[in-house]
Amino acid sequence: MRHTRTAAAAGWAMILFLSVQGMAAEGFNVLLVTVDTLRYDRISALSSRFVKTPNLDALAGKSLVFANAYAHSTLTRPSHANIMTGTTPLSHGVSDNPGFRLEKRYPTMAESFKGAGFATGAFIGAFILDSQFGLDRGFDFYDDMHGQSAIAERRADQVVASAINWISGRKERWFAWVHLFDPHDPYDPPEPFKSQYAKDPYSGEVAFVDAQLGVLMDALEKRGLMEKTVIVLTSDHGEALGDKGEETHGFFAYNPVIHIPLFVYYPGVGNKTVAANVGHFDIFPTVCALAGVLIPESVQGESLLPIAGGRARREPAIYFESLSPSFFLEAAPLQGFVEGKIKFIDLPLKEVYDVTADPGEERNLASTMNLAPLSATLDRLRKDLKGKGTKQDLEGKDIRPLMESLGYLSGKAKSKKNFTQADDLKTLLPLIAQMHIAVNEFKSGKPDPALAKIRNIIRIRPSYTTAYSAAAIINRNLGKFDEAMAVLRAGLDKNPDNLLLLTDLAVTLIQAKKPAEAAELLEVVVDRDENNPEYQNYLGRAYMESGAIIPAEERFKKALALDPDMVEAFNNLGYLNLILYVQRKEAKFYEAAVANFDKALAHNPRLESALKGKAAAAEAKAKAGR
Ligand SMILES: [Zn+2]
């Protein structure tokens, strides 16, 4: 089966290559734009209800517009991994944001284009796609968030300016990826969109992105590049905005989140709406076909060009999943597919919708039909699309004996195989809603009711790991380190394999001035996942604060080897050398301290702790000179 499919794919590639080589020979560039969290109905060419997007409309007006395009995932990193590899998480295994990075064995679009002699550049709007997570592979230039912080985001104007600057400097053909994060929550558009969309700030963010896309398109136009460039625009996933009780994304897989916009522009194509179901994994083979680049065998999608021409897909069913809640909540895994007008969601409480007659997915047809053929199709997709997956942080060898010896667990892990109605996302949704309320209470200065709510959530669902983390954050914020540690220990007791809780506990120990204990735990964490620069950096911190300078330095350097622009690691190396300078008064340590603080400041000029560190180094030097 696999061989036939591969041979067929190669055949298609050849036909497409021949059919477009006249254009390709002139040397198309490729611009891929992913607008994060952009709902299909927030582009005015697709729906006029919410927001005016003249620039997106103009692009749609000269592009193939795919009216039924689907994301295979509901989160940023998994979706971009799908786009970049032309596969689904069944193949590459990146099924969640935390704990996953794209492993080297999965060929990326950027690698294909680089291999074909293109200059490759990426311009990234959020830390979630930082180079350390593997999506940078194949890019000559990856302009990311410089490892600043897990919540860091860069506005579209900065990302677009960087992209234009890079594109302007290219003499050879190029492949550029522009990622605009603004519509992701929290919704806080700049003026004038803030005022224009005061009641709907999400749409305001979209309007701002549209304006910046106008800047990008103008720049291409001015340089005559619209005649030489393939442009693909999509979003990684939409946003629920309250649909079925979900506020953002990453939980359910209803259409406000997985039905996404997809435009394909190339010189001369003109506007055409295509009704066929397509998916993110189709982008890779499409741009290869248009630019005359060979499609790797690993790609599972199909070129959109014959599909736009009316040819049926080889594989009519488009797979999707939402697995994050199965990791943080031990929920039943959500998998499903869209085929024709039928959408099947496989959960303990099964769901079937006719998305043509019932676009709001309000009438579940599951009880009215024979589900066996749908289950069989999903099983076939699971088999046909399956790859080697990826090593999740939480997998690997059993750490429980080691943890027990460290005194952290009384624990017996329970592995849950038979999911019931109680594990269905629809059943668990009220807990997520309660959690939202609790977080908002904390943010508005009411930690006590927030903590009470979270305690109740944990009582109902002891496997809700992020609830323990949230309680720990609130307690740490109140300076209650013992309480924070107690709640994390309770969480680990129920969820002994959870590396994120373990790391949280170690970070709390550092803050509670128990760095030696933290180092012991972080050694376990790093042993489980040695490729995570944050874990290496935390371990370095723990060693440094317990006075173990040499192992600390090793860990900071390891963090930088994994993420060469990790600001925190430079900053920590600055402090480490400052300590050595104060101890030994040797000039080389002073110089190394300043050099590392400067590297941190080069990435983030306002980093307070680096500024303070540099001032402290100068003071120490003045003192030594006296
Ligand atoms: Zn996203």
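Lys-513 is exposed, with 10 other C-beta atoms within 10 Å. Exposed here means that 12 or fewer such atoms lie within that distance. This is a predicted model. Lys-513 sits in the loop between α19 and α20 (515–528). Its phi is near 60 degrees, a positive value in a residue other than glycine.

Glu-361 also has a positive phi, about 50 degrees, although it is not a glycine. Is Glu-361 buried or exposed? Glu-361 is buried, with 20 other C-beta atoms within 10 Å. The cut-off for buried is 20 or more. Glu-361 lies in the loop between β13 (351–354) and α13 (372–384).

**Cis peptide bonds**

Asp-185 and Pro-186 are joined by a cis peptide bond, with omega about 0 degrees. Pro-186 is in the loop between β5 (174–180) and α7 (193–196). A cis peptide bond also joins Glu-191 and Pro-192. Omega there is about 5 degrees. Pro-192 lies in the loop between β5 and α7.

**Helix pairs**

Two packed helices are described by the angle between their axes and the distance between the axes.

| Helix pair | Angle | Axis distance |
|---|---|---|
| α6 (residues 156–168) and α8 (residues 201–222) | roughly 10 degrees | within 9 Å |
| α15 (residues 425–443) and α17 (residues 465–477) | about 10 degrees | 11 Å |
| α19 (residues 499–511) and α21 (residues 533–545) | about 30 degrees | 10 Å |

Take α6 and α8 to begin. Their axes cross at roughly 10 degrees. Angles under 35 degrees count as roughly parallel, and α6 and α8 are therefore roughly parallel to each other. The crossing of α6 past α8 is right-handed. On the α6 side, the contact uses Ala-156, Asp-157, Val-160, Ala-163 and Ile-164. These meet Phe-208, Val-209, Gln-212, Val-215, Leu-216 and Ala-219 in α8. By class, the contact of α6 with α8 has nine nonpolar residues, one polar and one charged.

Next come α15 and α17. These helices pack at about 10 degrees, with axes 11 Å apart. They are therefore roughly parallel to each other. Met-435, Ala-438, Val-439 and Phe-442 of α15 make the contact with Ala-467, Ala-470 and Ile-474 of α17. Which classes of residue make up the contact of α15 with α17? There are seven nonpolar, no polar and no charged residues.

The remaining pair is α19 and α21. They pack at an angle of about 30 degrees. That makes α19 roughly parallel to α21. α19 passes α21 in a left-handed crossing. From α19, the contact takes Thr-503, Ala-506, Val-507 and Ile-510. From α21, it takes Tyr-535, Tyr-538, Arg-541, Ala-542 and Glu-545. The residues of the contact of α19 with α21 divide into six nonpolar, one polar and two charged.

**Helix α18**

α18 (residues 481–494) has 14 residues. How far does α18 reach from its first C-alpha to its last? The span is 20 Å, close to the 20 Å expected at 1.5 Å a residue. Buried residues in α18 are Ala-484, Met-485, Val-487, Leu-488, Gly-491, Leu-492 and Lys-494. What do the buried residues of α18 pack against? Their partners are α17 and α19.

Note on methods
Residues numbered from 1 in each chain as written. Predicted model: local features only at pLDDT ≥ 70, side-chain atom pairs only at ≥ 80, totals over all residues. Axes fitted to C-alpha atoms, helices over the stretch in contact; angles between N-to-C directions. Helix = DSSP H or I, 4+ residues; strand = E, 2+ residues; numbered from the N terminus. Parallel < 35°, antiparallel > 145°, perpendicular 65-115°, else oblique. Left-handed = near helix turned anticlockwise from the far one by under 90°. Contact = placed C-beta atoms within 7 Å. Nonpolar A, V, L, I, M, F, W, Y, C, P; charged D, E, K, R; others polar. Expected span 1.5 Å × (residues − 1).
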